[in-house]
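Here is a short report on one structure. Keep the sequence and the 3D view open as you read.

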Amino acid sequence: MNLYEQFINTLVQYQFKINSYISSTIKNINDENMLTSSLLVLGIAFLYGLIHAAGPGHGKALVAFYFSTNKNSYSQAFSLGYLISVIHAISALVLTFGIFFILEKMFRQNFNYYSNITMQISALMIIFVGVYIMLSSYFSRKQKEKGIEKNRSKYGLAFSAGVVPCPGVMTIVLFCIMLKKYLLGVLAAITMSIGMGLTISLVGILSITLNKKTNNFFQNKSFILEIFGGVLILGLGIILLYINTFS
Amino acid sequence: MKNLVKKIILLILIFIYGHSHPHTFIEVKPTIEIKNEKINKLHVKWILDEMTSMMLITELDEDANGKFNKSENTYIYKNYFSSLENQNFYMKILSNKNNVSINPKNFKASIKNDKLIYSFDIEQKINTKNLKIEFKDKDLFVGMMLEKDYIKLSGVDKSKIEELKTKIFGVN
């Protein structure tokens with residue numbers, strides 16, 4: 001087992017323990033321990049989100065590419081990380097409540113179907129954002145509107161990565177719905193997303209630190225790096241689309 | 001610059017290698033009986049995590065009586081279990097460095113303590129020379145949990161059981 005496999009294995013072990021702990025705590029909530037148990041579930045959901053997002057996925061590669069190749073501040077890394085996690089949570093809540101209450105049954109099959117569709121939409125959007133970053137970096141390499149365009153690509157990126165609902169969040173929400181603990185389900189989705197947002201933001205901060213070290217090399221030619229970032233994001237979008245369409 | 005490119009390549013590899021992560025957890029409990037240096041019987045039990053179990057039981061236990069009848073069992077086998085052939089039933093068996101194809105028999109779904117349980121047998125007589133058995137979803141969508149205590153091994157010298165568990169299943 002190599003180092004990466006060991007790291008993933010450890011994450012899986014922790015997630016399994018937390019997952020079991022959350023489900024047993026939610027099941028054992030009663031009138032007497034309502035407040036303390038609910039707060040405990042929310043605290044664990046935050047931790048679960050933190051660890052869960054450390055595994056592969058959740059747009060971390062996109063965030064890393066974006067901040068490795070764009071000049072940004074640490075606060076922007078936080079805003080992008082949290083924007084992704086907020087959209088992630090909204091998407092998961094809408095899809096879970098939608099499938100459960102509108103389609104009512106065959107949750108698992110519908111979930112797989114809609115999850116695949118959102119993956120494809122996400123991949124197409126990522127391709128679009130990649131192309132947009134490449135073109136805007138090239139055409140605006142000398143001019144002033146860059147700030148506005150950068151924000152546009154940032155929002156596009158956040159929406160592309162966040163629109164795919166997190167099945168981990170959906171599972172907890174669904175579990176709460178089945179036990180008729182609707183409010184707890186919504187709150188658990190929010191706290192889990194806060195945890196995920198923190199991990200995604202940290203990846204952005206690491207990438208900015210990395211980018212700062214290479215800035216001297218590019219000096220006035222930073223648009224080359226941005227175009228390179230666009231190419232990478234475009235590449236990821238194509239890989240994602242391929243995986244979710246043909247495999 | 002070289003450093004940046006290296007790190008970016010690493011990120012691409014991480015992204016391609018594992019684009020997913022576990023949302024379902026399965027505790028794997030294998031029972032293995034060895035006879036004349038061959039596997040005489042391999043029984044595998046999967047216990048699904050509580051959240052996934054509840055989601056699936058609500059869907060699959062149509063008469064909601066807390067157990068699966070014959071038609072429900074057949075439905076689960078056809079619609080949920082047999083399709084896992086594409087993932088080689090989350091198993092990899094190597095016998096003397098040769099890959100053994102998995103052909104599960106006697107599939108049975110049941111419910112115990114609100115958890116969904118799948119059990120099945122691997123009936124092939126597999127040579128135990130350099131035997132390696134691994135439970136893993138290569139897409140990492142399912143976390144396969146195996147502990148040393150979960151494994152039951154018989155037909156070998158008792159003093160060697162713990163050592164064999166580590167050797168065959170790679171658990172510590």
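## A hairpin in chain B

In chain B, strand 5 and strand 6 (residues 115-122) pair in the antiparallel sense, with 7 bridges between them. The model is predicted, so local features are read only where pLDDT is at least 70. Across this pair, B:Ile111 stands opposite B:Leu116 in strand 6 of chain B. The hairpin of strand 5 and strand 6 of chain B has 2 residues between its strands. There, B:Asn113 takes a positive phi near 50°.

## Positive phi in chain B

Most residues other than glycine have a negative phi. B:Lys97 is not a glycine either, and its phi is positive at about 70°.

Where do these loop residues sit? B:Phe89 is in the loop between helix 3 (70-81) and strand 3 of chain B. B:Lys97 lies in the loop between strand 3 and strand 4 of chain B. One further loop residue belongs in this part of the picture. B:Asn103 is found between strand 4 and strand 5 (104-112) of chain B.

| Residue | C-beta neighbours inside 10 Å | Class |
|---|---|---|
| B:Phe89 | 19 neighbours | partly exposed |
| B:Lys97 | 8 neighbours | exposed |
| B:Asn103 | 12 neighbours | exposed |

The cut-off for buried is 20 or more, so B:Phe89, with 19, counts as partly exposed. The cut-off for exposed is 12 or fewer, so B:Asn103, with 12, counts as exposed. B:Asn103 and B:Phe89 are 14 residues apart in sequence. In space, their C-alpha atoms are 8.9 Å apart.

## The open sheet

Chain B also has an open sheet of 3 strands, in the order 4-3-7. The pairing is antiparallel. Its edge strands are strand 4 (98-100) and strand 7 (132-135) of chain B, and each pairs on one side only. From one strand to the next, the twist averages 25°.

Strand 3 (residues 91-95) of chain B is joined to strand 4 of chain B by 3 bridges. These two strands run antiparallel. B:Ile93 stands opposite B:Val100 in strand 4 of chain B.

## Chain A: helices

Now turn to chain A. How many helices and strands are there in chain A? There are 9 helices and 0 strands. Chain A has 247 residues, and buried residues make up 41% of them. Take its contacts with a separation of 6 or more: 84% of them join residues 24 or more positions apart.

Helix 1 (residues 3-27) of chain A has 25 residues. From its first C-alpha to its last, helix 1 of chain A reaches 36 Å, close to the 36 Å expected at 1.5 Å a residue. Its buried residues include A:Ile8, A:Val12, A:Gln15 and A:Asn19. What covers the buried residues of this helix? The cover includes helix 2 (34-52) and helix 7 (167-178) of chain A. It also includes strand 1 (24-35), helix 2 (50-60) and strand 8 (142-145) of chain B.

## The cores

The largest nonpolar core has 53 residues. Those with the most contacts inside it are A:Leu62, A:Val169, A:Ile172 and A:Ile233. Helix 4 (residues 74-103) of chain A gives the most to this core, with 9 residues. A second, separate core has 31 residues, including B:Val28, B:Ile32, B:Ile76 and B:Ile151.

What does A:Ile172 touch? Leaving aside residues up to four places away in sequence, its contacts include A:Ile22, A:Ala45, A:Met192 and B:Met51.

A:Ala92 is in helix 4 of chain A. Why does A:Ala92 count as buried? Because 25 other C-beta atoms lie within 10 Å of A:Ala92, it is buried. A:Gly130 is another matter: 38 residues along the chain from A:Ala92, its C-alpha is separated from that of A:Ala92 by 25 Å.

## Confidence

The mean pLDDT of chain A is 76, and 72% of its residues reach 70 or more. Confidence in chain A is highest in helix 2, at 89. It is lowest in helix 6 (residues 146-162) of chain A, at a mean of 66. Where pLDDT is low, the predicted coordinates should not be read in detail.

Note on methods: Residues numbered from 1 in each chain as written. Chains lettered and ligands numbered in written order. Predicted model: local features only at pLDDT ≥ 70, side-chain atom pairs only at ≥ 80, totals over all residues. Core = buried A, V, L, I, M, F, W, Y, C linked by C-beta atoms within 7 Å. Helix = DSSP H or I, 4+ residues; strand = E, 2+ residues; numbered from the N terminus. Contact = placed C-beta atoms within 7 Å. Pairing = 2+ DSSP bridges. Axes fitted to C-alpha atoms, helices over the stretch in contact; angles between N-to-C directions. Expected span 1.5 Å × (residues − 1). pLDDT = per-residue confidence, 0-100.
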